[in-house]
Amino acid sequence: MSTASTAFRLAARLEQVGFSDIVKIRNRIMELRAGGATVYQFEGGEPFLNTPAQIKDAMRCALAENKTRYAPSSGIPELRAAIAAKVRARNEIPAETEDVLVVNGGMQGLFGAFQSVVNPGEEVLLFSPYWTPIKDLVANCEAHAVFVSTDEARAAGFAQMLARKLSPRTRALYFNTPQNPTGAVFSRADTEAVASFARAHDLVVIADEAYEDLVYDGEHVSIAALPGMYERTITCYTLSKSYAMTGWRIGYAVAPEPWMTGLRKALLYSTNGVSTPTQWAGLAAINSPADFFASARAAYRERRDLLVAGLNELELTCAMPAGAFYAFPDAMRIHADSRTAAEILLDRAQVATVPGIVFGPHGEGHLRFSFSTSLETIQAGLDSMRRNL
Ligand SMILES: Cc1ncc(COP(=O)(O)O)c(C=O)c1O
C-alpha cells in the first residue's frame, strides 16, 4: 500500500498545528536520570502542592453515592450555579448559571472558544511571549496568530502597539493574565486600554485566567468585568493551578450567547461533558473557604523571592514576576540562542528549564524557570549554577 496516496494525508487543517516542544525536554531529562544524574527540575508547569483533602474526599463520596452516570453535558447544575456565584463575586463578571460551561480543563475551554469565534483566514492578536498552545489552537481554526510584544505595548502604549498589528482580517484578541511564561500581571489601566481597543475595533476577546489566584503584587482584573466587555468576551478558567488539580482535567468557560452555543457544541462533540464524579470534586473546590489561597500564595511567594534573587545574583537578569509561578530571566549570559542556553545549563549544572523561543520570537534570549517546586530544589539548583556556570 503506498502512503503517497492522497488518502493517507492528515487533514490539511492539522498541518499547521504543532506538538509541544516541552516533550523533547522531558525526554532528555528522563535520559539523564536513567543514567543516574541528579536533575534540578525547573521546567514544569504544575503546582508543587497536592490536591487538598476536601476535594479528594468529595470524589470518594461521589463514587460511594454512585454519582457516576452521564451528567448534563454542560455540567451538573450545582457546580454551574456555584461557579456563576464565584465569578460574580470574585471576578465581577455578570454571569448567570446558563453562561457557565464545565469543561475538561483550561485547554478544552480555550479550544472551544477559538472554535466558536475564529474563521479560516482570520487573524488573532496575542501578546508575546505567549503560552505555546495558543498558536496551535489558532492554527486549528486555519487562522493566523499575530504577535504583539508585551514589553513594547507596556512601554509604548497598548492601543498604539495593537493598532500596528490590526488588519481587516483581525477577529479576536487573546488576553492572558497572569501570564505564562513571564509571570506578568496586566494592571487595571493596561486591561482598560486593551478593552477599549477591542470595543473600538469590534474584536472578540478570549481571556485566559488560568493563574487568577496566583497574584503576589497588584490585582487580578477580569477583562469581561469592564464596561461593554461581557458580551464580547469568553473567559476560560481552570481548577488545575488554583487547586493543584492538573490531572483531574476540570475547568470552566464563561460567556453569554452566541458564544455559549459554540462552546457547548465543541464540548458535546469532543468529550460529551466532564466526568461526573470529578464535577462533584470540582464543587468542593469552588466551595473552599475564602482564605484557602492565602497559604498557597505565601508558599509560592517565598519560592519566587528565593529563585529571582538567586538568578539576578548570577546575572541572569530577571524582572520580578507579579503572578503565576514562572520566572523568565534573560539568558544571554549563557548563550544568545535560548535552546543552546537551556542545553548548556542542563549539561553543566543539571538545571532543566524551557528555552524562551518555545514561547514565540519575543521569548528568544530567555529561559523559563518554574518556581513551583521545593525550596530545597531551588536552593540546590542555584548552588549548582553558582558552581558550574
Ligand atoms: C496560560 C495557561 N492557560 C491555560 C492552561 C491550561 O491548563 P489546563 O488545561 O491544565 O487546565 C495552562 C496550563 O499550563 C496555562 O499555562
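A residue counts as buried if 20 or more other C-beta atoms lie within 10 Å of its own. By that rule Leu367, Arg368, Phe369 and Ser370 of strand E12 (residues 367–370) are buried. The model described here is predicted. Its chain is assigned two parts, domain 1 (12–50 + 292–388) and domain 2 (69–286).

**Domains and their contact**

- Domain 1 is made up of residues 12–50 and 292–388, while domain 2 covers residues 69–286.
- Taken over C-alpha atoms, the centres of domain 1 and domain 2 are 25 Å apart.
- Domain 1 gives 30 residues to the contact, and domain 2 gives 28 residues.
- On the side of domain 1 that touches domain 2, helix H12 (292–313) and strand E9 (326–327) each give two or more residues.
- H12 supplies the largest share of that side of domain 1, with five residues.
- By class, the side of domain 1 that touches domain 2 holds 15 nonpolar, nine polar and six charged residues.

**The sheet of E9, E12 and E11**

- Strands of a sheet pair through backbone hydrogen bonds, either parallel or antiparallel.
- Here three strands form an open sheet in the order E9-E12-E11, and their pairing is antiparallel.
- E9 and E11 are the edge strands, each of them pairing on one side only.
- E9 and E12 run antiparallel and are joined by two bridges.
- Opposite Leu367 in E12 stands Pro355.
- Leu367 and Phe369 point one way from E12, whereas Arg368 and Ser370 point the other way.
- The loop between E11 and E12 contains Pro361.
- Pro361 is exposed because 11 other C-beta atoms lie within 10 Å of its own, and the limit for an exposed residue is 12 or fewer.
- Pro361 and Ser295 are 66 residues apart in sequence, and their C-alpha atoms are 36 Å apart in space.

**The largest nonpolar core**

- In soluble globular proteins, nonpolar side chains tend to be buried together.
- The largest nonpolar core of this model has 116 residues.
- Phe114, Leu173, Val205, Ile206 and Ala253 have the most contacts inside this core.
- Domain 1 and domain 2 each give at least three residues to the core.
- With neighbours within four places in sequence left aside, Ile206 is in contact with Leu110, Ala113, Phe114, Val117, Ala172, Tyr174 and Ile234.
- Leu110, one of these contacts of Ile206, is found in helix H4.
- Leu110 is buried because 26 other C-beta atoms lie within 10 Å.
- Leaving aside neighbours within four places in sequence, Leu110 is in contact with Leu137, Ile206, Asp208 and Cys236.
- Leu110 and Arg33 are 77 residues apart in sequence, and the distance between their C-alpha atoms is 34 Å.

**Around the ligand**

- The shell around the ligand has 13 residues, of which Gly105, Gly106, Met107, Ala210 and Thr238 come nearest.
- Helix H4 (residues 105–117) gives three residues to this shell, the largest share.
- By class, the shell around the ligand has three nonpolar residues, nine polar residues and one charged residue.

- Helix H11 (residues 276–286) is mostly covered, with nine of its 11 residues buried.
- The buried residues of H11 are Pro277, Thr278, Gln279, Trp280, Ala281, Gly282, Leu283, Ala284 and Ala285.
- Helix H2 (53–64), helix H3 (77–91), strand E2 (100–103) and helix H9 (239–242) are among the elements that cover these buried residues of H11.
- Leu268 lies in helix H10 (residues 259–268).
- Leu268 counts as partly exposed because it has 13 C-beta neighbours inside 10 Å, a value between the limits of 12 or fewer for exposed and 20 or more for buried.
- Leu268 and Gly75 are 193 residues apart along the chain, and their C-alpha atoms are separated by 11 Å.

Notes
Residues numbered from 1 in each chain as written. Predicted model: local features only at pLDDT ≥ 70, side-chain atom pairs only at ≥ 80, totals over all residues. Near = placed C-beta within 6 Å. Helix = DSSP H or I, 4+ residues; strand = E, 2+ residues; numbered from the N terminus. Nonpolar A, V, L, I, M, F, W, Y, C, P; charged D, E, K, R; others polar. Domains from an automatic or database assignment. Contact = placed C-beta atoms within 7 Å. Pairing = 2+ DSSP bridges. Core = buried A, V, L, I, M, F, W, Y, C linked by C-beta atoms within 7 Å.
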